[in-house]
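This report goes through a protein structure one part at a time. Have the sequence and the picture side by side while reading.

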Amino acid sequence: MSSDKQKVTSTDEFIKGLWRDNPVFVQVLGMCPTLAVTNTAENAFAMGLATAFVLLMSNILVSLLRNFVPKQVRIASYILIIATFVTVTDYAIQAISVELHKSLGAFISLIVVNCLILSRAEAFASKNTVGRSILDALGMGLGFTFALFCLGAVREILGNGSIFNMPIFPEGYQSWIVMILPAGGFFTLAAWLLVINKVQTRKAKS
Amino acid sequence: MSEASNIEMQNPANSKKMLLAMVGIGIISAFLIVMSFELTLPRVTRLKAEALEKAIFEVLPGTVRTQAYGVNTNGELIELAEGDKPEITLYAGYTSEGNLVGYAIEASGQGYADIIRILYGYDPAKQTIIGFQVLESKETPGLGDKIAKDERFQNNFNALDVSISKDGQLRNKVITVKQGQKQHEWEIDGITGATISSRAVGNIIGESTSNVVPVLHEYFKKESNE
């Protein structure tokens, strides 16, 4: 019985980041990469995965060290841990593909100040066991990737007439260049927030 | 009052703990960063070299072997040794029979967003530019980055005139004109919507060719006379 209850709550720990507490659509955290690097589905997907990786690794380390780090220096130590994994990710992406590194560029280093990661370290990993922190990081990371992908896909389809660089509209499609530019990020985010909020209020009513 | 004394009581024990925590995390971080840098370095260097090699083959069609050269401050062509950093770097491309295809020349200059780095191919026999590639640019996606993608713009560089006059200088400096107003062989047909970026490319090539092409032309004449 008790193990059953435990199982339900761990699944919940994982699921909450994907939907109920989605970092982008519900908590509206980490807006800088959300708006800046979602001009194509590929960039959005890569950025989401990079952030998820940093989130996972920093959650693990913060959770491991939670009884060792004094309260007064906790924020400083979180930033140090996050910055380390961002640097590691930066090297890894360079080694995977020069092209990808070129298009993500400055935004990889900006993962350091993504408030999503710091908020999970402070609000969750520093108070929970390693296992739960991993689940939380996976849920939140995948939720973030999913949200970024939603934005990137819409912007690439409308702004470039393609998805993952494969054209989907017939020849002669007049693309909306504004969707690829920064302004398009705001439009798309607003539209998605509208849809998600609509769905969630309808669910709450019924 | 009680709070102040509380802090005083806690502090001596805690500062040692704080120091230990920060130094400990610092050491772990340093170790992780150095390890990942060392692990990825060989692959990153190889990928960058491959990307450059690919660009050279693009701008000099038919090339199978390349040789790096540099132009030093005196305007002389020198063979590059490992680790040299000359004023201008360029690569000679040869066919499988060992004939010279042309030179791929690196150049850079200010674009709209940041420095644009390009590579262009020069054929000394025809005295024209025969290829063009953007190596690095942060131009606006959808607008300025057309300099790397727009086919009509790329076609400018299939035969761009950079012939040398009798006094050993360029006859006409390469320049970008407004879209659809190209009249001469040394003009680059610009892009509407990427005016600044396409002009920047014209300036970079114009600047670079007037420095490098006379040197290469001289060198080529000497070589073919021998």
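At what angle do the axes of α6(A) and helix α7 (residues 130-160) of chain A cross? The model is predicted, and in it the two axes cross at roughly 155 degrees and come within 11 Å.

## Helices α6 and α7 of chain A

With that angle, α6(A) is roughly antiparallel to α7(A), because angles over 145 degrees are put in that class. The crossing of the two helices is right-handed. On the α6(A) side, the contact is made by A:L116, A:R120, A:F124 and A:A125. On the α7(A) side, the residues are A:S133, A:D136, A:A137, A:M140 and A:F144. By class, the contact of α6(A) with α7(A) has 6 nonpolar, 1 polar and 2 charged residues.

## Helices α3 and α6 of chain A

Helix α6 (residues 115-125) of chain A also packs with helix α3 (residues 41-64) of chain A: their axes come within 10 Å and cross at roughly 30 degrees. This makes α3(A) roughly parallel to α6(A), because the class takes in angles under 35 degrees. The crossing of α3(A) and α6(A) is right-handed.

From α3(A), the contact takes in A:V54, A:L55, A:S58, A:N59, A:V62 and A:S63. These meet A:L116, A:I117, A:R120, A:A121 and A:A125 of α6(A). The contact of α3(A) with α6(A) divides into 7 nonpolar, 3 polar and 1 charged residues.

## Where chain A meets chain B

How many residues of chain A are in contact with chain B? There are 23 of them, and they touch 21 residues of chain B. On the chain A side, α4 (74-96) and α8 (177-180) are the elements that give two or more residues. The most come from α4(A), which gives 11 residues. The side of chain A that touches chain B has 15 nonpolar residues, 8 polar residues and no charged residues.

## The sheet of chain B

Chain B holds an open sheet of 7 strands with antiparallel pairing, in the order β2-β1-β3-β4-β5-β6-β7. Its edge strands are β2 (77-79) and β7 of chain B, each of which pairs on one side only.

Strand β1 (residues 65-71) of chain B runs antiparallel to strand β3 (residues 88-94) of chain B, and 7 bridges join the two. Within this pair, B:A68 stands opposite B:Y91 in β3(B). Helix α4 (residues 195-225) of chain B packs on the sheet, where it touches β1, β2, β3, β4 (100-110) and β5 (115-123) of chain B. The direction of this helix makes about 140 degrees with that of β4(B).

## Two hairpins in chain B

Strands β3(B) and β4(B) pair in the antiparallel sense over 5 bridges, and B:G93 stands opposite B:G102 in β4(B). The two strands form a hairpin with 5 residues between them. In its turn, B:G98 has a positive phi of about 90 degrees.

Another hairpin joins β4(B) to β5(B) through 4 residues. These strands pair in the antiparallel sense over 8 bridges, with B:I105 opposite B:Y120 in β5(B).

Is B:G168 buried or exposed? It counts as exposed because it has 10 C-beta neighbours inside 10 Å, and the class takes in residues with 12 or fewer. B:G168 lies in the loop between β7 (160-161) and β8 (175-177) of chain B. Leaving aside residues up to four places away in sequence, B:G168 touches B:P214 and B:E218. The C-alpha atoms of B:G168 and B:L41 are separated by 44 Å, and the two residues are 127 residues apart along the chain.

Methods
Residues are numbered from 1 along each chain as its sequence is written. Chains are lettered from A and ligands numbered from 1 in the order in which they are written. This is a predicted model: local features need pLDDT of at least 70, side-chain atom pairs count only at pLDDT 80 or more; totals for chains, interfaces and linings use all residues. A residue is buried if 20 or more other C-beta atoms lie within 10 Å of its own, exposed if 12 or fewer, and partly exposed in between; C-beta atoms are placed from the backbone. Two residues are in contact if their C-beta atoms, placed from the backbone, lie within 7 Å. Axes are lines fitted to C-alpha atoms, for helices over the stretch in contact, and angles run from 0 to 180 degrees between N-to-C directions. Angles under 35 degrees count as roughly parallel, over 145 as roughly antiparallel, 65 to 115 as roughly perpendicular and the rest as oblique. A crossing is left-handed if the near helix is turned anticlockwise from the far one by less than a right angle, and right-handed if clockwise. Ala, Val, Leu, Ile, Met, Phe, Trp, Tyr, Cys and Pro count as nonpolar, Asp, Glu, Lys and Arg as charged, and the others, Gly among them, as polar. Two strands pair if DSSP finds at least two bridges between them.
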